Amino acid sequence: MTIVKINTNVPSSDIDEKLLEQSVESLAKTFKKPKSNILVFVNGDQPIIFADSEEPAALVTIWSVDGINDVDNKLHSATLFPLLEKYLKVNEDRISIAFNAVESHNMGINGKTFNQ
């Protein structure tokens, strides 16, 4: 399971819904998981100041049971940055991604943890 949370100060009304669809499709490939194991959500209209500016920005947080490491994180970044630039109209230098590896007993779905 992979959870992707995108916080942005871009107005919700300006967020192209294709961002969700394309993010799931692209990240399923980089995480080598079925699309059903990728959850992406976007929070628009967030108060964000980045580098002393309120210009459009995005903070992405990714939690995943596997696929978070030095090599794969480069692939995930290379996949997400162009999508965020295209669909949110945020410049690359105003995007930050935090990767969080989660142990299988610390994530659950369908009433179970992933190590059950």
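Modeller: Before we look at single residues, a word on exposure: buried means under 20% relative accessible area, exposed means over 50%, and partly exposed lies in between, with a 1.4 Å probe and protein chains only. By that rule D66 is partly exposed, with a relative accessible area of 44%. This is a predicted model, in which local features need pLDDT of at least 70 and side-chain atom pairs count only at pLDDT 80 or more, while totals for chains, interfaces and linings use all residues. Residues are numbered from 1 along each chain as its sequence is written, and side-chain values use heavy atoms, with hydrogens and water left out.

Colleague: In what order do the four strands stand in the sheet?

Modeller: Helices (H or I, at least four residues) and strands (E, at least two) are DSSP runs numbered from the N terminus, and two strands pair if DSSP finds at least two bridges between them. Here the four strands form an open sheet in the order β2-β1-β3-β4, with mixed pairing. Because β2 and β4 (95-101) stand at the edges with a single partner strand each, one side of each is left without a neighbour in the sheet.

Colleague: Which strands run parallel, and which antiparallel?

Modeller: Strand β1 (residues 2-8) runs parallel to strand β2 (residues 38-43), to which six bridges join it, and K5 stands opposite F41 in β2. Between β1 and β3 there are seven bridges, and these two strands run antiparallel; I6 stands opposite V60 in β3. Strand β3 (residues 58-64) is in turn joined to β4 by seven bridges, in a parallel pairing, where S64 has A101 as its bridge partner. Five of the seven residues of β3 are buried, so this strand is largely enclosed by the rest of the structure.

Colleague: How should I read the handedness of the crossover from β3 through α2 to β4?

Modeller: Look with the strands pointing away from you: the crossover is right-handed if the path from the first strand over the helix to the second runs clockwise. The β-α-β crossover from β3 through α2 to β4 is right-handed.

Colleague: Which strands does helix α2 touch?

Modeller: Contact means heavy atoms within 4.5 Å, and axes are lines fitted to C-alpha atoms, for helices over the stretch in contact, with angles from 0 to 180 degrees between N-to-C directions. Helix α2 (residues 70-88) packs on the sheet and touches β1, β3 and β4, its direction making about 140° with that of β4.

Colleague: How many salt bridges are there?

Modeller: Side chains of opposite charge can pair when their charged atoms come close. The rule asks for a side-chain nitrogen of Lys or Arg within 4 Å of a carboxyl oxygen of Asp or Glu, and by it the count comes to two salt bridges. One joins the side chains of D66 and K33 (3.0 Å, N to O); since D66 lies in the loop between β3 and α2 and K33 in the loop between α1 and β2, the pair ties together parts that are 33 residues apart in sequence. K33 is buried, with a relative accessible area of 10%. D70 forms a salt bridge with K74, the closest N and O atoms being 3.9 Å apart, and both of these residues are exposed.

Colleague: Which side chain of opposite charge is nearest to D72?

Modeller: Lys and Arg count as positive and Asp and Glu as negative, while His and the chain ends are not counted. For D72, which is buried yet has no salt bridge, the nearest side chain of opposite charge is K32, 4.1 Å away.
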